[in-house]
Amino acid sequence: MDLFDLSGKHALVTGATGPLQRSVVLALAEAGCDVSVTTVTDQLDEEVQANSILNECWSIGRQGEALTINLTDEAAIEEAIISLEERIAPVDILVNMPHQVPIVPFLKTDAAAESQAFSTNVAAVMIPTRIIGHRMVQRGVGRVVNLASIIHDRGVPNCSLYAATQGAIVGFTKSLGIEWIRSGVTVNALALGFYEELAGPQSDSRLRAALEQYIPLRRLGRSDDIQGALIYLVSDEAAFVTSELLVVDGAISVHA
Amino acid sequence: MSILDKFDLSGHTAIVTGAGSNLGREMAIALAEAGADIIGVGRRILPLEETGELVRTIGRRYFVRSTDVTDSSQVNAMVADAIKEFGTIEILVNNAGGGGAGHGKQLPELTDEDWHDGIDTNLTSAFFCSRAIIQHFLDQNYGRIINITSGLGYRAARQQFMYPISKGGVIQLTKALAISYARENIRVTCIAPGRFPHNLTTDIERYADRQPAGRYGRLEEIGPMTVFLASEAADYISGETILIDGGAIAAGIVPAGMAPKIDEVR
């Protein structure tokens, strides 16, 4: 099918070594896109993961590179993007996927924890978006998709810090989408519910069993479940969709 | 299997209400291009037949059924005939709707009939069609329903009553159906289009700059989202309403005209 074909485009997926991120990278590659990824550290296990993801992309004929950069280091990102543009192509699609799930009672948090959570979940999205988005706006074309959680819209104990970072991502997405819509760049978010591959109450087997009863679709999300929504949002066909939060959660957030 | 194959609707059959014009026609064509056979439903046969010609040109089967979707006996007969004709139906698109007879009147002038007409056209019609098909979906343990609401399903406008109220109801109908039948592999979603004028007069065009995107939606933009939501690629999405409005609801209508122009952004 030609619909949603991404041939000839170059995507960058940040924070790319988890299972959800892997699923997104492979979907982009299957849809025809060259895909580059970033890893946060140069530790061996992360590098092995990134290379294994890229190997799968290369095996179906796509190009792409793994960059090891601190996503809050502006100078390092700028430099990495310039060299990526030279070796592969400008970035048409940015998928921001750094995502930590701090679950901790608020009274046990401190200023350092706040700073760390906002650095990982928010600054590491905003800073690369500014550097790459600057180029997208100049070129008059681009897609930005941010990973978020439905928790931004719900009260959950011990999640105040996590939820605050997700609220920040949603607010960022909505305003930036409007700011850039006339430049041909859309900004959207994918909001996830409870997923096998994400940290959260589902890590506890008792709570997991309760969740499986409570989620209307009767199962946790799996990394493959976000592929379709992601491909739709980054496609040419979604040019009129911006500032939108696309919820992929097995209907749990519409339940009373 | 590539991710792009998950958007394929080959072997599926879709009922599209209001298929004779505008967004309904576009959705019918997009579903047909993705592989689905179509039952085109509406009151007037001629425009439905025009949609049918386009669908048949793509190589899909098309069955036209003149139906007043606010009349439950006609709706039940239409669904029964469609199942008889195609064997199975997998997709229902509840698109029929409109301003209704009371559009443009002030509250004191609205009659009981205006109220019922406005609510029936947009909300009762989707309820009747969903109710009529649900047993078939349950029997086959599969079904996809896509409702169509509007930005006015979220917000209000001066002296507009039946349209925003019924469109808000469509968003709630989506949630109610999704939660009621989630366990039976029936997914229900809703599309909220922004302004998609079907005949751009200069008068309408003049106001395009008030949209955050600086333009209105193009009819052909509605089809791909419909295909996505009807397809396997959206299997973990249900109960959701998704906006396709160039940011209009995120921005709000009035300050939308203040969206920065390209030169101000760079």
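Two residues are taken to be in contact if their C-beta atoms, placed from the backbone, lie within 7 Å. The model discussed here is a predicted one. On that definition of contact, residues 24 or more positions apart account for 70% of the contacts in chain B with a separation of 6 or more. In chain A, 73% of the contacts between residues at least 6 apart in sequence join residues at least 24 apart.

**The two chains**

Chain A contains 7 helices and 7 strands, and along its sequence these follow the pattern β-α-β-α-β-α-β-α-β-α-β-α-α-β. The secondary structure of chain B amounts to 9 helices and 7 strands. The overall values for each chain are set out in the table.

| Chain | Span of the C-alpha trace along the principal axes | Share of residues that count as buried |
|---|---|---|
| Chain A | about 50 × 45 × 40 Å | 54% of 256 residues |
| Chain B | about 55 × 50 × 40 Å | 54% of 266 residues |

For chain A, a compact globule with 256 residues would have a radius of gyration near 18 Å, and the value of 18 Å for this chain agrees. For chain B, with 266 residues, the expectation is likewise near 18 Å, and the chain has 18 Å, in agreement with it.

**Interface and core**

At the interface, 41 residues of chain A are in contact with 41 residues of chain B. On the chain A side, at least two residues each are supplied by helix 1 (19-30), helix 4 (111-139), helix 5 (160-180), helix 7 (227-234) and strand 7 (245-248). By class, this side of chain A comprises 22 nonpolar, 10 polar and 9 charged residues.

The largest nonpolar core has 160 residues, of which Val25(A), Leu190(A), Leu230(A) and Leu31(B) touch the most other members. Helix 4 (residues 112-140) of chain B provides the largest share of this core, with 8 residues.

Neighbours within four places in sequence aside, Leu31(B) is in contact with Leu9(B), Ala14(B), Ala36(B), Ile38(B), Ile91(B), Thr226(B), Val227(B) and Ala230(B). One of these partners, Ala36(B), is located in the loop between helix 1 (22-33) and strand 2 (37-42) of chain B. Is Ala36(B) buried or exposed? Ala36(B) counts as buried because it has 26 C-beta neighbours inside 10 Å, the threshold for burial being 20 or more. Apart from neighbours within four places in sequence, the contacts of Ala36(B) are Leu9(B), His12(B), Thr13(B), Ala14(B), Leu31(B), Arg60(B) and Ile91(B).

Helix 2 (residues 44-59) of chain A has 16 residues and reaches 22 Å from its first C-alpha to its last, close to the 22 Å expected at 1.5 Å a residue. Its buried residues include Gln49(A), Ala50(A), Ile53(A), Leu54(A) and Cys57(A). These cover an arc of only 125 degrees around the axis, and therefore lie on the same side of helix 2 of chain A. Among the elements that cover the buried residues of this helix are helix 1, strand 2 (34-39) and strand 3 (66-68) of chain A. The face turned away from the buried side carries the exposed residues Leu44(A), Asp45(A), Val48(A), Ser52(A), Asn55(A) and Ser59(A). Just after helix 2 of chain A, Gly61(A) adopts a positive phi of about 90 degrees.

In chain B, helix 5 (residues 162-181) has 20 residues and reaches 28 Å between its first and last C-alpha atoms, close to the 28 Å expected at 1.5 Å a residue. Of its 20 residues, 14 are buried, so helix 5 of chain B is largely enclosed by the rest of the structure.

**An exposed loop position**

Gln106(B) lies in the loop between strand 4 (91-94) and helix 4 of chain B. With 10 C-beta neighbours inside 10 Å, Gln106(B) counts as exposed, since the limit for that class is 12 or fewer. The C-alpha atoms of Gln106(B) and Arg158(B), 52 residues apart along the chain, are separated by 9.2 Å.

Methods:
Residues are numbered from 1 along each chain as its sequence is written. Chains are lettered from A and ligands numbered from 1 in the order in which they are written. This is a predicted model: local features need pLDDT of at least 70, side-chain atom pairs count only at pLDDT 80 or more; totals for chains, interfaces and linings use all residues. Helices (H or I, at least four residues) and strands (E, at least two) are DSSP runs, numbered from the N terminus. Ala, Val, Leu, Ile, Met, Phe, Trp, Tyr, Cys and Pro count as nonpolar, Asp, Glu, Lys and Arg as charged, and the others, Gly among them, as polar. A nonpolar core is a set of buried Ala, Val, Leu, Ile, Met, Phe, Trp, Tyr and Cys residues joined through C-beta atoms within 7 Å. The expected span of a helix is 1.5 Å times one less than its number of residues. The arc is that of the directions from the helix axis to the C-beta atoms. The radius of gyration is taken over C-alpha atoms; the globule rule is 2.2 Å times the number of residues to the power 0.38.
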